[in-house]
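Hi,

Here is the structure I promised to pass on.

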Amino acid sequence: MFKKNFNITLVAAGILFTTACDKKLDLAPEDTMTEKAVLRTRITAEAALGDAYIKLYEACRSDAYVMGDLSTGIILNFSGTNNPYYTGAIDPRDQNYNPFWENNYKTINLANVLIDKLPADGAFDEQLKKQFIAEAKLIRAYCYSNLIKLYGDGALENKPSNMGVPLRLNGYDGYDGSQNIPRSTNAAVFTQIFKDIDEAITDLPDDFDTDLATRSRATKGTANALGARVAMYVQDNDKAIAYGTKVMQNNHYHLAASIMDVFPDNTPGNSKITMSIPELIMAFPESWNNNLYDNNGVYFYDGYTFPADDFVASYPPKDIRATSMLIPGAPWSTHPTPVKFSHPQIRENMVAIRLAETVLTMAEALANKNGVNQQSVDMLNSIHQRSFAMADRPAPFTLASFAGKQQLLDAIWQERRWELAYEGFDRFDRIRTGRKPNSVLPANRYALPVPYSETAITGQVIKQNPGYAN
Amino acid sequence: MRKKMVLLCCSTLLLHAVGHLQTPTKSDPAKPLTKPQADTVPAKVTKMAEVIVVGYGTTDRKKLTGSVSTLKPNPTGAPPLTVDQMMVGRMSGVQITPSSGVPGSAVAITIRGLSTLSNNGNAPLIVVDGIPVYGIGQETNTINYNPGSTPGFTFGGTSVVAGYDQGTNFEKNPLASINPDDIASIEVLKDAYATAIYGSRGAAGVILITTKKGLAGKTQINAMVSTSISKPFGTHDIMTGDEYADFYTAYYKALDPGAPKIFPKGINTNWIDAITRTATGLGANVNMSGGTEKNSYYISAGYDKMPSYIINNDYERYQGKVSVDQQLGSKLKVGANIALSYSKNSGAGAQSLYREAVLRAPNLPIYNADGSYAWGKGQNPTGPAGDLNPVAKAKANQNYSNDGRVLGLVFGELKLLPWLVARTEIGTDMVNSRSYSRDASRPHLLTGSASETSTQNRKWVTNNTLTANKTLGGVHTINAVAGQSFESSVENTTSITGQGYFSDDILSISAASDKRVLTSIEKKTALVSFFGRLNYQYMNRYLAGITYRVDGSSRFSKNRRYVGFPSFSLGWVPSEESFMKDLRFIDQLKFRGSVGFTGTDGGAGYYGNQGQYKLATYSATYGNMQTVSVSQPANPNLKWERTHTFDVGMDLSLFNSRLTVTVDYYNKQTKDAILSSAVPSFMGFTLQQQNLADLNNRGWEISVTSSNIKTRDFFWSSNLNISRNKNIIKKLHKTDPNSLAATIELYGGNYWLPGYSASEFFMYQWAGVDKTTGQPQWIDNTGKILDKAIPDQIIDNPDVHRKAMGDAMPKIYGGFGNNIGYKGFELDVFFSFAAGHKMFNGAKAALYSYTTGSFEGDDVNNLSRDLLNYWKQSGDITPIPKLVNNSNSAGSFFSKYDYTLGRNISRFLEDASFLKLRNITLAYNIKNSWLQRKGLGMLTNARVFVQAENVLVISGYSGIDPEVSAYGSSGLKAGFDELTLPNPRIFRFGLKLGL
């Protein structure tokens with residue numbers, strides 16, 4: 001009897017083990033979610049979008065932020081003008097420069113996942129889904145605008161059929177080589193950027209419920225401002241004017257009375273750039289990382305990078321951008337730091353687009369189109385005048401101040417250089433307007449080298465820019 | 001009715017497989033050697049028929065067609081602290097490197113070479129009494145005792161290019177929780193026929209540990225007590241305070257004659273002496289066993305105290321084990337086996353304390369005049385940013401890990417037919433660990449900090465097997481096992497950290513003013529397996545076998561979840577043939593061969609290859625937005641690795657087993673090894689696990705045991721084993737190897753190139769110092785001599801100038817021992833050796849480093865006395881270049897560097913071949929007559945012994961101990977001595993009693 005029962009138990013046990021087996025292998029991780037689960041609910045989908053913004057920030061921070069000014073002598077580092085952005089001495093195999101490429105594509109991948117999969121996988125409000133997708137499209141457009149200006153061969157020099165960058169529009173789903181794609185033409189990349197911007201404008205909100213969100217997330221205003229910027233990359237004045245006008249008409253944005261209002265002295269570490277200031281169109285909030293030791297990688301405070309003396313001397317006397325806006329940084333630094341980056345731990349809300357840029361873009365596009373004109377002069381004045389203390393203000397420019405179109409353009413470009421200094425525009429402004437960034441950078445190195453890993457792993461499906469060996 | 005039931009039962013089990021252990025049949029010529037051997041038996045002599053444990057069963061060595069090394073430990077003196085130390089050099093094909101001299105620290109065990117390129121894939125599977133347990137591996141066993149620390153904001157500064165950072169990690173040895181005294185035998189499964197029954201975890205070999213069980217007979221009690229002293233094997237030769245002061249004064253003068261820095265003389269602190277000690281340990285063990293025909297039991301208890309030779313860094317261990325079995329009726333047997341272990345290891349920080357002591361400026365005192373600890377740079381003109389004072393840290397800080405472990409097993413065994421046994425066993429491995437560290441107040445950490453990590457790992461294993469042993473017609477013998485197994489593991493980790501204590505006496509993290517939860521996570525895995533083995537023997541002359549295992553693992557995604565691993569073997573025993581029957585001195589001559597597949601799941605993560613999103617690091621937010629971040633891309637193409645092994649061997653036993661020889665040749669081929677490899681970054685990711693690499697391990701093994709002399713009063717036995725392995729990466733990437741090798745290296749792998757070993761050193765070639773200029777000389781890949789660092793002056797892929805300069809894994813390794821007895825005396829001497837490999841003497845590199853620093857000050861580390869002999873003037877012939885030279889720079893603040901000390905420079909690569917006198921024991925068995933005279937007649941035996949471990953090493957290696965590894969259990973990262981604590985030299989004195 002005993003044996004009999006035992007055998008039955010054994011059989012039962014055997015059956016039990018087998019039927020339950022395969023199910024027991026389906027184990028879900030506790031601290032992580034699968035892609036599908038992330039996209040399903042509003043909260044997690046929005047959190048993934050938040051990560052896309054952070055990745056966009058990472059693509060824009062650090063050297064990506066300052067290289068435009070290091071290239072033209074606005075700022076210097078310890079090696080003076082012998083820095084690789086100035087000289088063009090960058091080797092494709094030098095991995096220090098890979099982040100310019102990698103970080104944008106990381107962001108693009110996440111945006112692609114949202115754009116591709118949210119319509120099907122998201123189980124929440126349709127309108128909100130559209131908005132998230134629009135935000136992702138704007139993020140994608142922003143990244144491609146970064147990539148094309150850095151890597152497009154002649155992209156800013158009106159060479160539409162030259163090599164742009166690979167246009168990757170799908171989310172990652174494994175790599176086995178079959179995903180390799182060649183670089184699209186500059187024209188194709190720009191077309192994609194404007195397509196994303198225009199599609200985004202339709203579904204983006206005018207604003208969010210907080211200033212912080214309105215000025216850090218994508219809105220209609222952000223998209224238009226980006227559109228105006230990119231339109232100038234392709235010398236399309238009409239497009240720039242059209243986008244720019246939308247920004248001017250948007251009542252969320254006004255120029256600050258003084259530039260000091262936008263950029264407070266933050267050396268004590270407690271007066272960050274205010275996210276509610278109406279001049280900001282988009283800025284990356286410094287909340288992005290709770291690790292107190294991480295930072296945005298723009299080291300003015302410590303004197304690692306610093307304004308060049310001859311650049312500072314180029315401002316007119318009493319221009320507060322050369323006086324009040326340059327303050328002592330760290331005790332050990334032998335150089336002043338711009339207030340734009342004066343936080344001691346290098347943690348500061350980081351400006352991506354502000355109205356002053358769009359105003360000067362508009363002024364330039366209008367001057368290109370109409371020659372010397374009142375609107376451009378007014379816009380130029382609006383920036384120039386506020387850069388002086390009330391008592392020191394020079395006489396405003398008038399139509400008569402400019403002998404011709406070129407003189408007006410020169411003045412606008414000069415103002416742009418002064419106003420947007422340390423914000424990384426100069427290299428690209430010069431290239432797109434046919435001016436050499438500096439006297440030593442060869443024209444075939446206006447574009448950075450594509451990282452070696454790309455050309456090597458794809459077996460030359462992705463080609464190197466002409467100015468570099470491989 | 002009964003018959004039907006049995007049939008049903010069989011079919012269920014046969015279909016779905018489970019189980020372990022054959023019951024020895026009556027025809028077995030010997031019982032399993034699971035009985036605790038009386039200590040007086042010099043059990044170095046091989047028995048006539050040896051039963052050895054294999055996967056899910058046992059077999060007679062004579063019938064074995066796989067390759068299995070066996071060790072039945074029976075030390076003359078006390079066993080070493082851990083099982084692995086017992087195995088070093090004693091088993092062919094098994095290469096064991098203790099990582100450091102810290103008690104309870106990790107060990108690297110590599111069986112027949114590195115078979116995969118993932119750090120977790122090269123550790124063998126460890127099976128205790130049939131239950132696979134939590135084994136060796138950095139991921140599971142490493143504690144970070146200072147996880148909350150942030151490096152502080154040091155800006156700019158100098159570093160050694162490609163240098164080494166001492167982390168705050170300690171890798172524990174999971175084998176330390178198994179009492180070496182309880183071990184009956186250790187079997188290492190090596191070839192495919194032996195390992196394929198463990199399927200997806202067999203590729204790196206399998207270690208089967210069988211613990212002692214009770215045996216019918218009179219109750220036996222064995223007790224041992226020993227006391228030990230341990231000392232550093234050696235210490236580094238470093239400068240005194242005055243030498244140090246002179247050196248740095250001269251250096252800063254050379255650097256900038258205009259602004260000299262004067263280092264004061266007068267104080268000569270020997271930091272190494274201050275931090276080391278002669279540690280006194282204690283070991284005590286007692287076991288009792290006995291039983292009747294119906295039942296048996298084994299009970300043991302053990303205590304070990306083995307402090308490290310670093311002050312205040314101790315190790316204590318308590319162990320207990322109970323094993324019982326009971327026969328119920330004639331068919332059914334049940335039993336249980338439970339081993340408990342608890343250890344308290346406060347030596348986790350010993351390594352970093354030692355490093356700090358070696359490098360601390362010797363012209364600074366330990367204490368200030370007022371008796372408080374002296375931190376900072378004292379009167380020196382410059383000094384490092386951090387708070388350094390190893391003595392203060394050793395005394396005031398706490399850093400320990402308390403580990404509890406339960407290894408348990410219950411089984412039922414039913415003899416269905418005389419030749420057929422069904423067995424069910426349920427086993428568990430529960431590991432409970434709390435690591436705590438507390439940094440007391442010091443200048444840069446005024447309010448102190450603490451961290452605590454709790455780990456609970458639970459593993460349940462069910463094995464169901466059906467074992468058949470049948471001889472048909474007297475000539476056909478079949479041994480078969482079919483089984484099924486289900487294994488599940490849950491691992492919980494919680495880690496918290498806090499800062500801000502108002503008193504050093506407060507320990508709880510809840511009392512810290514600033515506290516954070518760093519980790520709180522549960523990880524799960526499960527494995528379902530079905531397996532079977534069929535051995536067939538014809539007249540004991542012709543042998544054949546087949547095994548098959550199917551594993552389904554939760555670590556792989558659904559479409560690739562199950563995989564099968566077959567193996568086959570053949571054997572021929574010519575000594576049973578009629579033409580050899582007359583050669584009476586040959587007991588057995590056997591040729592055998594096997595081929596089969598095994599795998600590894602070490603490369604796969606916990607949840608396989610699903611695309612995963614996690615809360616972003618440090619819970620980043622974007623403005624008001626929460627964020628989740630991609631932690632792993634979906635990877636649907638990832639496949640299992642497969643290792644294909646071919647093995648041929650010979651077993652020879654002569655003169656009534658007085659001489660046995662085993663020879664094996666193997667060729668092990670791993671295909672599609674998983675490797676994190678670069679993908680083009682326009683994809684959005686830069687690295688992804690891919691099935692890219694093919695590896696090959698080839699080698700041979702010889703082991704010999706010999707009972708040279710055996711008379712009533714005198715015996716002498718010897719053993720020797722030698723193994724040779726050659727590892728080659730056959731195939732790696734699809735594209736430019738050098739550049740990608742550099743990428744992989746950057747992400748924590750090795751510099752791997754096809755055609756070379758997985759642990760090959762690729763080095764920039766150092767050509768010494770130019771005697772005229774004092775400049776370091778480098779050789780590029782064309783043989784040209786350059787006097788500036790290659791990685792400095794060649795920007796475009798400098799790595800092509802690196803040359804393969806040797807393997808970190810030995811070409812040949814093994815051990816030999818002699819055991820001699822005369823009357824009551826017994827002498828045991830054992831050597832282990834390894835040859836043909838290289839070691840990077842990072843200790844020396846660290847002690848040659850005088851340029852590093854940060855913004856707050858230069859490190860001004862203490863240095864090797866070698867540096868006193870630096871190049872001073874034209875004509876000086878010295879290996880130490882001019883202090884300020886073309887390959888280092890202490891010039892501009894942002895561009896300080898030193899290229900001469902990198903881990904990729906041949907300057908410090910040395911031959912690490914060694915011969916080590918690992919153990920020498922002299923014992924004396926007290927005569928029974930004497931015992932009786934003294935009224936100790938109840939003692940059946942009594943033995944006193946003196947013993948020394950790690951006595952001496954013969955090696956060309958200029959460091960202290962060629963047997964260390966800065967990277968713990970990682971075989972792939974073998975070959976780095978980074979001021980790694982040398983193994984201790986231990987002297988013991990002890991007493992063994994039996995009654």
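Of the 470 residues in chain A, 62% count as buried. Do keep in mind that this is a predicted model.

As for the fold of chain A, you'll find 18 helices and 7 strands. Along the principal axes, its C-alpha atoms fill a box of roughly 115 × 50 × 50 Å. If you take the contacts in chain A between residues at least 6 apart in sequence, 73% of them join residues at least 24 apart. On the charge side, chain A carries 46 positive and 53 negative side chains, and the centres of those two sets are 4 Å apart.

Now over to chain B. It splits into domain 1 (1-44) and domain 2 (51-204 + 223-994), and the C-alpha centres of domain 1 and domain 2 of chain B lie 33 Å apart.

I also followed a few strands in chain B. Strand β38 (residues 812-822) pairs with strand β39 (residues 825-835) in the antiparallel sense, over 11 bridges. Together β38(B) and β39(B) make a hairpin with 2 residues between them. In that turn, B:K823 has a positive phi of about 50°. To find your way along the pair, look for B:G815, which stands opposite B:S832 in β39(B).

What else does β39(B) pair with? That would be strand β46 (residues 914-925) of chain B, again antiparallel, over 10 bridges. Here B:D828 has B:T921 in β46(B) as its bridge partner.

Cheers

Key:
Residues are numbered from 1 along each chain as its sequence is written. Chains are lettered from A and ligands numbered from 1 in the order in which they are written. This is a predicted model: local features need pLDDT of at least 70, side-chain atom pairs count only at pLDDT 80 or more; totals for chains, interfaces and linings use all residues. Side-chain values use heavy atoms; hydrogens and water are left out. Helices (H or I, at least four residues) and strands (E, at least two) are DSSP runs, numbered from the N terminus. Buried means under 20% relative accessible area, exposed over 50%, partly exposed in between (1.4 Å probe, protein chains only). Contact means heavy atoms within 4.5 Å. Lys and Arg count as positive and Asp and Glu as negative; His and the chain ends are not counted. The place of a charge is taken as NZ of Lys, CZ of Arg, CG of Asp or CD of Glu. Domain bounds come from an automatic or database domain assignment. Two strands pair if DSSP finds at least two bridges between them.
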